[in-house]
Amino acid sequence: MEAKNRLTSIVIHAILIVFSITMLVPFLWMALTAFKTVTESTSVDPFVIFPSIWRKDAFETVIKNMNFLLLYKNTLLMVAGRVLCAVLTATMAGYAFGRLEFKGKKFMFSLVLLQMMVPAQIFIIPQYLMVSKMGMLNTTFSLVFPGMVTAFGTFLLKTAYQGLPKDLEEAARLDGCNIGQTFLFIMLPLTRSGMVSLGIFTAVFAFKDLMWPMIANTEVDTMPLSAALAKMQGQYTTNYPQLMAASLLACIPMIVLYLIFQKQFIEGIATSGGKL
């Protein structure tokens, strides 16, 4: 029996190692292409994997032509703003839908579910018109605006609040707490894992967002990393070593954040049961 369990464990670990290596292939290809010449990067020879000479020209060119400090700043402000607004609004809305009773509750929550069902591209034109009327195009606010309210976050936090026992609210009411105090001091701390999960999803989705930043922020000084990288791809030709070098540099913020908040990342994903 012990030998059978050991064999099963070896097979499972072997499969996981193979899948892990497979998932790393695109990242390794990006890193290797950054050190190649344009000719090597566009070669159809499947055996040309490593560059003949390791060159730093692509990195030097993109660092010279692109203000990465400003791009990092714009991206981090967008991510931080969306995470803060999403967690704040979704926490309050989730508590209201999950624990309170009020008129029109089911109808209003059905609107939240409806928003989750339709493609996000439908809201781009109304959102653009709203930001344009406010005169806030090409600003950090325009990058944060689509993520200020999240239907997914509201649903996630509603589920988290519904999983808490009702005895907590009854005990708080007997101690003289009103709704605000019950929410802030009793219920809110107990949904920390749900808020962490929402923060992780929001941060990753914001970092990967491409369409909205390219529409709302057309000035180079206000673009995040995703839009700046997209501008490097030409209509007819593309310098792939420079594009891959810039992409490699663009990965640095998320890698650093993951290393810092690795424990919270793992806990959040495991608790929510979701995937990125």
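Me: What counts as a nonpolar patch here, and which residues form the one on the surface?
Reply: A patch takes residues with over 30% relative accessible area and no salt bridge, and nonpolar side chains are joined within 5 Å. The model is predicted. α1 (2-33) and α15 (252-260) each supply at least two residues of the nonpolar patch. Together its members have about 650 Å² of accessible area, and they are Leu24, Phe27, Leu28, Ile255, Tyr258, Leu259 and Ile266.

Me: Is leucine 28 buried, partly exposed or exposed?
Reply: Leucine 28 is found in helix α1. Buried means under 20% relative accessible area, and exposed means over 50%. Leucine 28 has 49% relative accessibility, so the residue counts as partly exposed.

Me: How many residues of the lining of the second largest pocket are nonpolar?
Reply: This pocket has a volume of about 980 Å³. Of its 27 lining residues, the closest to the centre include Gln115 and Val149. The lining also holds six polar and two charged residues, and the nonpolar ones number 19.

Me: Which residue forms a salt bridge with aspartate 209?
Reply: Aspartate 209 counts as buried because its relative accessibility is 18%. The closest N and O atoms of the salt bridge are 3.0 Å apart, and the partner is arginine 82.

Me: How many residues apart in sequence are the parts that arginine 99 and glutamate 169 tie together?
Reply: Arginine 99 forms a salt bridge with glutamate 169, with the closest N and O atoms 2.9 Å apart. Arginine 99 lies in helix α4 and glutamate 169 in helix α9, so the pair ties together parts whose separation in sequence is 70 residues.

Conventions. Residues numbered from 1 in each chain as written. Predicted model: local features only at pLDDT ≥ 70, side-chain atom pairs only at ≥ 80, totals over all residues. Heavy atoms only, no water. 1 Å grid on protein atoms, 1.4 Å probe; cavity = no way out; pocket = protein on both sides within 12 Å on 5 of 7 lines; lining within 4 Å. Points joined across faces, edges and corners; volume = space filled by probe spheres on them. Nonpolar A, V, L, I, M, F, W, Y, C, P; charged D, E, K, R; others polar. Patch = residues over 30% accessible without salt bridge, like charges linked within 9 Å, V, L, I, M, F, W, Y side chains within 5 Å. Areas by Shrake-Rupley, 256 points an atom, 1.4 Å probe, with all protein chains shown as cover. Salt bridge = Lys/Arg side-chain N within 4 Å of Asp/Glu carboxyl O. Helix = DSSP H or I, 4+ residues; strand = E, 2+ residues; numbered from the N terminus. Buried < 20%, exposed > 50% of the residue type's maximum accessible area, 1.4 Å probe, protein only.
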